[in-house]
Amino acid sequence: GGLLVTGHFGAVEFLAGVLASNNYQVAMIARFKTQILKKALSRVVRYYDILAIDADEGLALTKGIRAVRKGRILITLCDEFKYWRPDNGNQVNIFGALVPADRTLNILYNRLKSPACLGVLSRSSDRYDLFLEQLADGKDCPNLSTMSWKILAEYISRYPEQWYQWSSVAKGLATYRLKER
C-alpha cells in the first residue's frame, strides 16, 4: 500500500478509476457535496472495487490507515484548507500567505511509514496525463504536508486553468487562518 496525495486539479475525479482500471487496489477519502454525487460514484466504486471513505462520516483516517495496511493506494487531497488541522511547528507558503501546514498528512504518513507521492491527472484537449512526484519512501520522515503543497503549487503555477479551487481558496484560507488564531 501507499499514499497518493492530490488536489482539485485537472481530472482528479478520474484518478481512482485510472489506477483501478490498471489493476491497482485503490481507496480514497472524499467529501461529497450532495447525496446525488455520492450515489453516482457508488456504481464506479463497486465496478472497480474502490474503497470510498466519506470524510464526513467519521474515522476517515483510521479507515484510510487500514486500507493502506491491506495493500491499497490511499488517495487524499491536500488543498481543502477548510479542513486543515494546523501544525504550528511547520509553515507553508500559499500564494504569498505563510500559514501553519496541515498536520493530517504527516499523521497519516507517520503511522503508515509507506511510500508516498503526489499525483495529478492533467487534462488537455485530446488526452489525460498522469504526473507522479515522489514525496517519501516510507523510511525517512519528511514534512509531507509542506512538500505536497509546494509541488502542487508548482503544477498550479504552470497550469492555473486546471486547478478548480480558485473560487474557494480565499474563503477556505481565511477560515483556516481564523481557526488557527
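Before sorting linings by class, I count Ala, Val, Leu, Ile, Met, Phe, Trp, Tyr, Cys and Pro as nonpolar, Asp, Glu, Lys and Arg as charged, and the others, Gly among them, as polar. The model is predicted, so I keep to its rules: local features need pLDDT of at least 70, side-chain atom pairs count only at pLDDT 80 or more, and totals for chains, interfaces and linings use all residues. Numbering runs from 1 along each chain as its sequence is written, and side-chain values use heavy atoms, without hydrogens and water.

Entry one, pockets. I take a pocket as an open set of points on a 1 Å grid over the protein atoms alone, where a 1.4 Å probe fits, with protein on both sides within 12 Å along at least five of seven lines; lining residues have an atom within 4 Å of a point. Volume is the space filled by probe spheres set on the points, which are joined across faces, edges and corners.

The largest pocket comes to about 1,200 Å³. Of its 37 lining residues, His8, Arg31, Lys33, Leu77 and Glu80 are the closest to the centre. I sorted that lining into 20 nonpolar, 9 polar and 8 charged residues.

The second largest pocket holds about 410 Å³. Its 18 lining residues include Ile29, Arg31, Ala55, Tyr83 and Thr104, the closest to its centre. By class I find 12 nonpolar, 2 polar and 4 charged.

Entry two, cysteines. With a disulfide taken as two cysteine sulfur atoms within 2.5 Å, I count 0 disulfides. For Cys78, the nearest cysteine sulfur is that of Cys117, 12 Å away.
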